[in-house]
Each structure stands twice: as structure tokens, then as C-alpha cells.
Amino acid sequence: FRRVLFRSEAMSMNVLVVTTRIAGIPELVVDRETGLLVTPGSVIELKERLSEILVQKTDFSKIKSILK
């Protein structure tokens with residue numbers, strides 16, 4: 001239930017989801033389609049994804065439009 005809740009909350013607030021590939025999450029969040037997925041424990045991958053959002057300002061408007 002909690003997994004579904006976080007995505008629903010993010011969707012309702014038009015917030016990009018960055019989460020790990022564990023349990024059923026990849027079934028809820030499709031990488032680069034409905035959010036961003038990183039490998040559990042991969043600090044480098046998490047840093048790269050956050051850098052895309054915060055530093056490089058990659059355009060994720062396609063993902064955000066799906067979340068609406």
C-alpha cells in the first residue's frame with residue numbers, strides 16, 4: 001500500500017519520483033516514463049540522476065505531463 005501511496009501523492013503534486021529498483025516499484029514507476037529509477041545502493045547512479053534534475057536541468061516535462 002505504501003508504494004502506491006508515494007506515487008499517487010507525487011502524481012497529484014506533479015512531482016518527479018526518484019526511487020530504487022526494489023520489490024514492486026519498477027512495476028509502478030517506469031524509468032524515464034513515469035519517474036526515475038536507480039539501482040539500490042548505487043550512490044553514483046543516484047548522484048547522476050539528481051544531477052540531471054538539479055544541475056543539468058534536464059527537461060522532464062514529458063514525465064510530468066504523464067503524471068497529470
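These legends describe close-up views of a predicted model.

The model is predicted, so local features need pLDDT of at least 70 and side-chain atom pairs count only at pLDDT 80 or more, while totals for chains, interfaces and linings use all residues. Residues are numbered from 1 along each chain as its sequence is written, and side-chain values use heavy atoms, with hydrogens and water left out.

**View 1. Overall layout of the protein.**
The protein has four helices and two strands. Helices (H or I, at least four residues) and strands (E, at least two) are DSSP runs, numbered from the N terminus. In that direction the elements run α-β-α-β-α-α. Of the 68 residues, 28% are buried. Buried means under 20% relative accessible area, exposed means over 50%, and partly exposed lies in between (1.4 Å probe, protein chains only). The accessible surface comes to about 4,600 Å². Carbon and sulfur atoms hold 60% of that surface. Areas come from the Shrake-Rupley method with a 1.4 Å probe; for residues, only the protein chains shown count as cover. Contacts are heavy atoms within 4.5 Å. Among contacts between residues at least 6 apart in sequence, 33% join residues at least 24 apart.

Helix 3 covers residues 43–54, 12 residues in total. At 1.5 Å a residue it should span 16 Å, and its end C-alpha atoms are 16 Å apart, which agrees. The expected span is 1.5 Å times one less than the number of residues. E45, R49 and E52 are the buried residues of helix 3. Seen down the helix axis, they fall within an arc of 55°, so they line one face. The arc is that of the directions from the helix axis to the C-beta atoms. These buried residues pack against strand 2 (36–38). On the other side of helix 3, V43, I44, K47 and L54 are exposed.

**View 2. R49 and its surroundings.**
R49 lies in helix 3. Its relative accessibility is 9%, so R49 counts as buried. Not counting residues up to four places away in sequence, R49 touches R21, D31, R32, L36, L37 and V38.

Side chains of opposite charge can pair when their charged atoms come close. A salt bridge is a side-chain nitrogen of Lys or Arg within 4 Å of a carboxyl oxygen of Asp or Glu. The whole structure holds five salt bridges. A network of salt bridges links R21, D31, R32, E45, R49 and E52.

R21 and D31 form a salt bridge, with the closest N and O atoms 3.7 Å apart. R21 lies in the loop between strand 1 and helix 2, and D31 in the loop between helix 2 and strand 2, so the pair ties together parts that are 10 residues apart in sequence. R21 is partly exposed at 34% relative accessibility. D31 is partly exposed at 24%. A salt bridge also joins the side chains of E45 and R21 (3.1 Å, N to O). E45 lies in helix 3 and R21 in the loop between strand 1 and helix 2, so this pair ties together parts 24 residues apart in sequence. E45 is buried, with a relative accessible area of 17%.

**View 3. R49 with E52 along helix 3.**
The side chains of R49 and E52 meet in a salt bridge (3.7 Å, N to O). The two residues are three residues apart in helix 3, so about one helical turn separates R49 from E52. E52 counts as buried at 11% relative accessibility.

T19 is found in strand 1 (residues 18–20). At 13% relative accessibility, T19 is buried. Leaving aside neighbours within four places in sequence, T19 contacts I25, V29, L36, L37 and V38. T19 and L46 are 27 residues apart in sequence, and their C-alpha atoms are 8.9 Å apart in space. T34 sits in the loop between helix 2 (25–28) and strand 2. With a relative accessible area of 11%, T34 is buried. T34 and V18 are 16 residues apart in sequence and 9.8 Å apart in space, C-alpha to C-alpha.
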